[in-house]
Amino acid sequence: MTTWHWIRHGPTHEKTFVGWRDVPADLSDVAMIARLDAHLPAQALLVSSDLIRSVHTADVLAGPGRQRLAHERDLRELHFGAWDGLAFPEVAKRDPDLSRAYWETPGDIVAPGGESWNQAARRVDAVVDRLNAAHPEGHIIAVAHFGVILTQVQRALGVSPQAAMAHEIDNLSVTHIRHRAGTWEVGGINHLP
């Protein structure tokens with residue numbers, strides 16, 4: 001069995017859409033990071049998206065028993081395209097019907113110049129499937145993003161994108177998902193140690 005420990009990167013304090021834009025994380029809450037580090041298995045593989053907010057969060061969780069894997073571009077956040085860097089009211093004004101549909105009926109709705117929920121889920125699934133095949137036993141700590149983690153919650157629970165998006169994923173929270181031979185089990189969502 002492979003146990004995934006999905007970690008959402010540290011907070012960015014951005015008030016706009018942040019998808020593939022590379023913005024840093026605030027990792028100043030050393031007490032929170034220490035609790036998170038203590039909660040995670042000492043022996044594990046450690047992987048992150050290639051965006052600095054995830055890379056730097058993974059850096060502070062690296063330890064002698066955690067083997068760092070190469071950063072994974074396909075573990076990036078949802079690609080918001082033209083909306084990246086805009087505030088929610090600006091997006092709603094620019095694309096009122098499209099932006100509402102993107103969040104209310106996620107699936108095949110594509111952000112302008114970006115991607116749909118389903119496209120993001122397929123790229124994340126491919127990374128997870130590859131790592132599951134390469135590491136059918138043990139622990140994987142994966143530092144990624146809100147949307148990335150929710151695609152795996154959706155997959156493991158077998159629910160719709162809308163149902164998955166109803167879950168909160170806080171910064172520096174842990175979502176535990178186990179995989180064995182094509183079977184998924186959720187051990188906890190959005191746990192803050």
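Visitor: At what angle do the axes of α5 and α6 cross?
Guide: This is a predicted model, where local features need pLDDT of at least 70, side-chain atom pairs count only at pLDDT 80 or more, and totals for chains, interfaces and linings use all residues. Residues are numbered from 1 along each chain as its sequence is written, and side-chain values use heavy atoms, without hydrogens and water. Helices are DSSP runs of H or I with at least four residues; strands are E runs of at least two, numbered from the N terminus. The two axes come within 9 Å and cross at roughly 80°.

Visitor: Are α5 and α6 roughly parallel or roughly perpendicular?
Guide: Angles of 65 to 115 degrees count as roughly perpendicular, under 35 as roughly parallel, over 145 as roughly antiparallel, and the rest as oblique. α5 and α6 are therefore roughly perpendicular.

Visitor: In β6, which residue is the bridge partner of Ile 177?
Guide: Strands pair if DSSP finds at least two bridges between them. β5 (residues 174-180) and β6 (residues 183-191) pair in the antiparallel sense over six bridges. They form a hairpin with two residues between them. The partner of Ile 177 is Val 186.

Note on methods: Axes are lines fitted to C-alpha atoms, for helices over the stretch in contact, and angles run from 0 to 180 degrees between N-to-C directions.
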